[in-house]
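Keep the structure open as you read.

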Amino acid sequence: AYNCLIHFYKRKISLSMMAMLNVAKCLDSSSIIPTDVRFVFNNEIGSEIRKEVKAHKFVLALASNVFEKELYPVLKEFYGTLKEKDEIKIVDASQEAFQIMIYFIYNKHMDWSKFDISYLSSLYYLSDYYDILDLKVKVLSSISDQKVSKEDVLGVANLAEVHNLFPPFSEAIYDVAVLCLKSEFGGSFEAVVDFFSETEPTETNAVILHKIMARMKALKCKNCKQISCLDGKGLTSDNFVPGARVTWVEGKGHSMIDRLIATQGEPAKAFLASLIDGTTCGKLTLKPNYYKYKCY
């Protein structure tokens, strides 16, 4: 009986995974399963092209309680005068962002690296409005992968302030800005203050500076795990951080080095590391003029 139960759950899991893989095909033009709801968007000024997004009510209702209530308003006394709809007008989101949300619900593969912070902010708004937790998590993880230049820091921080009603999203954007400034100015508070002294002295900019300075004191580098980032610093036994990414000093270190694993010897004079090709290599020279931290 125990073995039968195991096989039953394995089959359930297998079927669930199969369903997740196949649901993406429902949006393909070759699919014989017809869509039964259409979301329409305001035309761009001067354009006669009607933008729309098509989907299946049942799939959306499974992904979001908000969609369930909107598409299947059985209890009208609780949910107002909504009627079962085949066409819904969307006025607070772009067709492009809404389509990406639908693709996510349908488990379609997407290249998230092409979405900038501004675009991700639209997706986070939709994930919050439609209460899609998995999409929220994906957006936040994509935010942490963003790289910005010091010239864009103020604009990014302003975007964080615009979205301060969404604390997790706002804080994630601030973290990206802080990591940029730490890398650019080596964690120097004075340099960051000097940088902001060249910006317009507005109330918003003052708030931004205050929040950034507070985060610089608390936010650790994701690579070297230090508040004062080790980016560009030579590798030693004292600052050795397992798992951190490092690079070689041309002409001395191993050119394929990727991440640190562990020191070797007592006292430590060598170390073990993983290489870019996935293999490991030991007895690497533990000297600051051979390897340095690569945090950005």
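Gln95 is buried, with a relative accessible area of 16%; buried means under 20%, exposed over 50% and partly exposed in between, using a 1.4 Å probe and protein chains only. You will find Gln95 in helix H5, residues 95-105, where helices are DSSP runs of H or I with at least four residues, numbered from the N terminus. Leaving aside residues up to four places away in sequence, Gln95 touches Phe41, Lys51, Glu52 and Val53, contact being heavy atoms within 4.5 Å.

A word on the source: this is a predicted model, in which local features need pLDDT of at least 70 and side-chain atom pairs count only at pLDDT 80 or more, while totals for chains, interfaces and linings use all residues. Residues are numbered from 1 along each chain as its sequence is written, and side-chain values use heavy atoms, without hydrogens and water.

Now for the helix packing. Helices H7 (residues 133-144) and H9 (residues 167-185) pack at an angle of about 15 degrees, their axes 9 Å apart; axes are lines fitted to C-alpha atoms over the stretch in contact, and angles run from 0 to 180 degrees between N-to-C directions. That makes H7 roughly parallel to H9, a label for angles under 35 degrees. On the H7 side the contact is made by Val139, Leu140, Ile143 and Ser144, and on the H9 side by Pro168, Phe169, Ala172, Ile173 and Val176.

Methods: Helix = DSSP H or I, 4+ residues; strand = E, 2+ residues; numbered from the N terminus. Parallel < 35°, antiparallel > 145°, perpendicular 65-115°, else oblique.
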